[in-house]
Amino acid sequence: MPMFKQHLVGGFKFRNNLHVAENKNNDKIEAKSIMTITNRKTRTYGINPTSSRNTSETTTTTYRQNASAAVATTATCKNSSLRSVKTTTVLASKSEKETTKAMPTTTIATKMSTKHFSLMSMQLAIVLLVFLLADSGLNGLRIVTALKAQNPRIVENPMDMVVPKNDPFTFNCKAEGSPTPSIQWFKDGYELKTDSGSHRIVMPTGDLFFLKVIHSRRESDAGTYWCQAKNEFGVARSRNATLQVAFLRDEFRLEPQNTRVAQGEVALMECGPPRGSPEPQVSWRKNGQTLNLVGNKRIRIVDGGNLAIQDVRQSDDGRYQCVVKNVVGTRESSTAFLKVHTRPFLIRGPQNQTAVVGTSVIFQCRIGGDPLPDVLWRRTASGGNMPLRRVTVLEDRSLKLDDITLEDMGEYTCEADNAVGSITATGTLIVHAPPKFSIRPKNQLVEVGDEVIFECQATGYPKPTVYWSLEGNSSLLFPGYKDGRMEVTVTPEGRSVLSIFRFAREDSGKVIVCNGLNAVGSVSSRTVVTVDTQFELPPPIIEQGPVNQTLPLKSFVTLPCRTLGSPIPQVQWYLNGIPVDVNEHERRNLSDAGSLTVVDLVKNEDEGLYTCVASNRNGKSSWSGYLRLDSPTNPNIKFFRAPELSTYPGPPGKPQVVDKTEDSISLSWTRSNKVGASSLVGYVVEMFAKNETDGWTQVATRVQNTTYTQVALLPGINYFFLIRAENSHGLSLPSPMSEPIAVGTKYFNSGLDLSEARASLLSGDVIELINASVVDSTSMKLSWQIINGKYVEGFYIYARQLLDTSTGSSPNTNPLVAAARSSSSSSSSRSSPSSSPSASGSSSALISASKPNIARRDGTAYVVASSTPSTVIQSAAAYIGSTTYRMLTILNGGGASSCTMTGLLQYTLYEFFIVPFYKSVEGKPSNSRVARTLEDVPNEAPFGMEAILLNSSAVFLKWKQ
């Protein structure tokens, strides 16, 4: 049977499968064959019937099997000037008990019988063929790979590199294996795609070549790469290599400025180096020569680039320049001059202040000195950049900041310098802002039993308190609330999460409200959760039902109830609210199609209101018609039988959505070519919404056009619509049912390539809102200018109401009147105790000779003068954006540049802005304009006017209305 031999060749093991026949006669087998192979310069191959000669090192191993043949392997290795000699001897033993011992300098040989000699010669010939491969240039290691395939092995790994942006670059990767492995590249855990036209190319050698290294917001080559070598016997992965894209911007964040300091003081030459990667190295030049700052304790680079000079001397005068360098290149700042003088002194500096967004503040900076110092203002907010359009330096060198935003919060520093020194003073501005949602809860469509999660987050200062509520329930759900099916938690990022476990069918349609509030305002966001329409299909549709008829006695009537639905509806008839049992009345019959037939009509039994009710698991639908019976000989009765179906108009086409807002849907359908036996009088629109309508409900009748807009819809609820045509004979069969429609979502056409349109609409300004002018108390005219109209199909015009959250006033109440009204009771109680504080219609105002008590700016909060009583200050109007808005869609086909929005609330502040769109892509919004609608005409003039002199420059007025 076969035996496996292991031979040590060239330091590696390989296996031969040699077959040695059994020696049944236990004859002594002599080794007739000895193969000696000498590799390197002298190669000899042959079969020697004699034993091998003595060598310096010999190892012999004898194997036995079943007391028959044995094969011994002798490997002779001789190392002489890079020469390796290998000798293999195949031996056979006489019996199982004989043992051949290894001799240091001799080779054991046995006789082989004649009948086995040819078989042994064939086996040694195979071994000879293997070693002939070594004569073709393969060393001992490659003999192994010739006999057995080799797994891939990475022999050259990619290295971490820093490459300048837009430069070419190559990641090296070399691998060995048999068969030759294929090379794949990966980036950040994903296989790297190198399609045609890509700037990344995998070379035939396996290297990854970049035509140019890309680093932008949309795409960046920076990341972690590795290569993978793969053949059919295995996979090898290289080490990770990080590619860092080097860049260096041109603009300095802060350039050195001309500086004057007093001798002996510390001079600071500021330098905000451009952003770059790797982080650029900063050095300074003085008078064109690079400063050597090694070991210099007096002059140092601090804060990442600023040059600090302690104990300033006259020799430090000169021109200074900040120099930044990394692998990309070098950037040089502008030159600044350093002069040495003395310092000024501070009379009154800026104070810490707290203000509300949209108001104004003044930081004082009164400086003394000789000569008069120059004043420079700096701030830490917004990276140190001053909003030049909102900043004014007053005559006394104070800083006035208008229309404050949250980005203005920070430190404001007044820096004053003159020929003899400088001084600084700092004040901190804290800005309060009303809440604003950064994450709103979204409408969700779920299945019964699911867990529903809503997320909400609001920003503002101070940080808003966020809580949840269910519409119709006065309970407030704060973070930490938990009951059997609801829980409120807060994520580490500050998002408030409302979880509803095991969503039940009765929960469908619930309105979830997220609220945020702080000291200066509040916001709310509503969302609705509904059951998936595949489990909440509409109720059955009654295509044709009974109509009012007047028939003679003893005649017959057939009342149709043609239904449509899934599953197939069950039909039940009622007469005056009582179920009709056809089994108890021989004159009544119910067909498989649902039609009820009654013969030999009897007045007291068959006259009345017949109602067809079609029901399945999705709900019920009903259709009623009144049957009147009278004597056929009565001349005062005009008998009327239901018209044939052919006299009705044909069913309209399926209703389609043509426009959609937050609470309305515009539908359009096609007219049927079949008019019927009379002219068309209009269309009937039917609507169904789960938990909102009682089955299919008619929402419009005798609509003259093939379009209709349904308003007052709730977000997150799926609405279904049917259209029927009507002529003088009756209603047609219904149109196909519309798709489920939910407000708050926009149509998306996935079949269009919108990449170019998206780039055009989002890359720059598309439209500018020029003006928002008042027309009357409920209308506003908007005008705009199109800057880039290449991909502008139309506009969404938004009108967002700004709510007044002050106490005692409503969104459409004059805040001047409201503010004065809130202070009237307290002022009158102090000045005129006899005045009645309960007068509901009293109002008041404070008039000052020096300045108005309230200075109103369009679109901003009201600023109250310091002399105004505190009660008026607390009731001054503060505005926040409401959570609802109106939207108007304007198509751009006619080149529209203005429109008038109607139906606005009187004396209400609105914020308007425009969003261009193309198909489903919305572009960059326009700027916003804030305007207030006019007051309506007062019903009557005020009365009960009183004037109270407060001091030499102020009068307090009080009146009733």
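Reader: In this predicted model, which residues does Phe688 touch, not counting residues up to four places away in sequence?

Author: Phe688 touches Pro538, Pro539, Thr693, Gly695, Trp696, Asn718, Tyr719 and Phe720, with residues up to four places away in sequence left out of the list. Phe688 itself lies in strand E58, which covers residues 680-689.

Reader: Why is Phe688 called buried?

Author: The relative accessible area of Phe688 is 5%, and buried means under 20%, so Phe688 is classed as buried.

Reader: Why is Val328 called partly exposed?

Author: Val328 has a relative accessible area of 33%; because the partly exposed class lies between the buried limit of 20% and the exposed limit of 50%, Val328 is partly exposed. Val328 is found in the loop between strand E26 (318-325) and strand E27 (330-332), and together with Val162 and Val327 forms a nonpolar patch on the surface, with about 210 Å² of accessible area.

Reader: What makes E20 and E25 a pair?

Author: E20 and strand E25 (residues 306-309) are joined in the antiparallel sense over three bridges, and since pairing requires at least two bridges, the two strands count as paired. Within E25, Ile309 is the bridge partner of Ala267.

Reader: What is the order of strands in the open sheet of three strands, and what makes two of them edge strands?

Author: The order is E20-E25-E24, with antiparallel pairing. Strand E20 (267-269) and strand E24 (299-302) are the edge strands, as each pairs on one side only. Neighbouring strands of this sheet are turned by 25° against each other on average, direction ignored.

How values were computed:
Residues numbered from 1 in each chain as written. Predicted model: local features only at pLDDT ≥ 70, side-chain atom pairs only at ≥ 80, totals over all residues. Heavy atoms only, no water. Helix = DSSP H or I, 4+ residues; strand = E, 2+ residues; numbered from the N terminus. Buried < 20%, exposed > 50% of the residue type's maximum accessible area, 1.4 Å probe, protein only. Contact = heavy atoms within 4.5 Å. Axes fitted to C-alpha atoms, helices over the stretch in contact; angles between N-to-C directions. Patch = residues over 30% accessible without salt bridge, like charges linked within 9 Å, V, L, I, M, F, W, Y side chains within 5 Å. Areas by Shrake-Rupley, 256 points an atom, 1.4 Å probe, with all protein chains shown as cover. Salt bridge = Lys/Arg side-chain N within 4 Å of Asp/Glu carboxyl O.
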